[in-house]
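Reader: I am new to this structure. Please take me through it with a close look at one part.

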Amino acid sequence: MASVLVAIARVMLKIFLRCTAAHSRVAALLAATALLILIVSLYEPEPESVMEFPTFKDSCKSALKRFLTPAVFEKLKEVKTSGGVTLKDVVNSGVVNQDSSVGVYVGDEESYSRFAALINPIIEDYHHGYKVTDNHPSDFNPEHLHAPNPDPEGVYILSTRIRVARNLRGYALTPALGYFERLEVERKVVDVLGNLGGDLKGRYYPLSGMPEATAKQLIDDHFLFKKGDRFLEAAGVNREWPSGRGIFHNDNKTFLTWVNEEDQLRIISMQKGGDIQAVFERLARAVNAIEDKLGFQHTPNLGYLSSCPTNLGTGMRASVHIKIPRAADHKDFQKICDTYHIQARGIHGEHSESSGGVYDISNKRRLGLSEVQCVQDMHTGVVKLIELEKSGASPKGKGKK
């Protein structure tokens, strides 16, 4: 191909040399075109390297290591989606970071079918009891939720927060999202958010060029998200940081949207205290308003799609920060968490420890049940933990061990 381009350029240069002054414009055009063709002919794209089976350390316990067998690797090693996502793209984070618990990030909707031999077992392993042949239900109707405030006096629950991960239909997922695609997603989302009214009305703050005073205020409000960690870096999520990223929040600071973080959208509703019903109702209005205008990636069996298979289905995390030192010391604490499908961690993120007896309690299940059921899980579990806390002693007592 390169030799053909060179031959064409030579012919054009010969015509250029025969041009007289009267043909100066034509000559200039021929010369410029010939030069462009020569430059293009010099570009020889490097042949794609064939991926080799990754080496995993003995200490690696990831789902990727367990399910990427030599047979699965041979089946998928040359697969590429129409958007250009390869097996190497999907597994790179888990290969680079062998302390990953899962180890895969998905680049586009097509990847879920093209790399199903690897991803489906990981989905079923993480979302215990769910089969990828099942249908995922959806219900974001607040009228179907029964979640009266479990702590109306405000003794135990400090705050409530519910978020969902969403991605726009027609675009790659964040690990494979191109620079101009990311800007287009940002523009479309900001247009919709800017037209929200009532208690959802607010302002968008792009990360690019953000003034120091604005950044400080967003940090003080615990709104500002940082560049992704090493797991997201290896997945490709941090490319062209911070371009195309930003934060929207309403005037009351109870509704927040992160744009182009781990997923294209993290839509969040929150407030002080334990009015879980109100937090869910606000989130439902926001999510439905955005989906009506933009549309989200969704399949019948996997629900709402995410770059990480752990967030499939509802993509929801419903949580409270709650002070329960006595309940946490009770021998049945973990049993209660397991029974009601909730998980406890410190308030500073995954793997953090509790400080002062305050825990982050959230739903554990996301796929195979509706948004209403996710929040109901969390609410029911929190009610039980408060009962246990009360049964140990007064809030200032020693409690049970």
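Where does Ser 59 lie? From there, please take me to the largest cavity: which residues line it?

Author: Ser 59 lies in the loop between α2 (24-42) and α3 (63-67). Helices here are DSSP runs of H or I with at least four residues, strands are runs of E with at least two, and both are numbered from the N terminus. This is a predicted model, where local features need pLDDT of at least 70, side-chain atom pairs count only at pLDDT 80 or more, and totals for chains, interfaces and linings use all residues. Residues are numbered from 1 along each chain as its sequence is written, and side-chain values use heavy atoms, leaving out hydrogens and water.

Stay with Ser 59 for a moment. Ser 59 counts as exposed because its relative accessibility is 56%. The cut-offs are these: buried means under 20% relative accessible area, exposed over 50%, and partly exposed in between, with a 1.4 Å probe and protein chains only. Asp 99 is 40 residues away from Ser 59 along the chain, yet their C-alpha atoms are separated by 8.0 Å.

Now the whole chain, briefly. The chain has 401 residues, and 49% of them are buried. Its secondary structure comes to 14 helices and 10 strands. Take contacts (heavy atoms within 4.5 Å). Among those between residues at least 6 apart in sequence, 72% join residues at least 24 apart.

On to the cavity. A 1.4 Å probe fits at its points, set on a 1 Å grid over the protein atoms alone, but cannot get out; lining residues have an atom within 4 Å of a point. The structure holds 1 cavity of 30 Å³ or more. The largest cavity has about 40 Å³ of space, counted as the space filled by probe spheres set on grid points joined across faces, edges and corners. Its lining is made of Lys 226, Gly 228, Leu 232, Val 237, Asn 238, Trp 241, Arg 245, Asn 260, Glu 261 and Glu 262. By class, that gives 3 nonpolar, 3 polar and 4 charged residues.

Take Glu 262 from that lining. Glu 262 sits in the loop between β4 and β5. It is buried because its relative accessibility is 14%. Beyond residues up to four places away in sequence, Glu 262 touches Tyr 105, Thr 174, Leu 232, Val 237, Ser 307, Cys 308 and Asn 311. Leu 232 and Val 237, among these partners, also line the cavity.

Asn 260 is another lining residue. It belongs to the hairpin of β4 and β5, which has 5 residues between the strands, and it takes a positive phi near 60°. The two strands run antiparallel: 5 bridges join β4 to β5 (residues 265-272). Strands count as paired if DSSP finds at least two bridges between them. Trp 258 stands opposite Arg 266 in β5.

β3 (residues 246-250) pairs with β4 in the antiparallel sense over 4 bridges. His 249 stands opposite Leu 256. The hairpin of β3 and β4 has 4 residues between the strands, and in it Lys 253 takes a positive phi near 60°.

Trp 241, a lining residue, is joined to Pro 242 by a cis peptide bond with omega about 0°. Pro 242 lies in the loop between α10 (230-235) and β3. Glu 240 is found in the loop between α10 and β3 too. Its phi is near 55°, a positive value in a residue other than glycine. Glu 240 counts as partly exposed because its relative accessibility is 36%.

His 222 is not a glycine, but its phi is positive, about 65°. It is exposed, with a relative accessible area of 71%.

How values were computed
On a 1 Å grid over the protein atoms alone, a cavity is a set of points where a 1.4 Å probe fits but cannot get out, and a pocket is an open set with protein on both sides within 12 Å along at least five of seven lines; lining residues have an atom within 4 Å of a point. Ala, Val, Leu, Ile, Met, Phe, Trp, Tyr, Cys and Pro count as nonpolar, Asp, Glu, Lys and Arg as charged, and the others, Gly among them, as polar.
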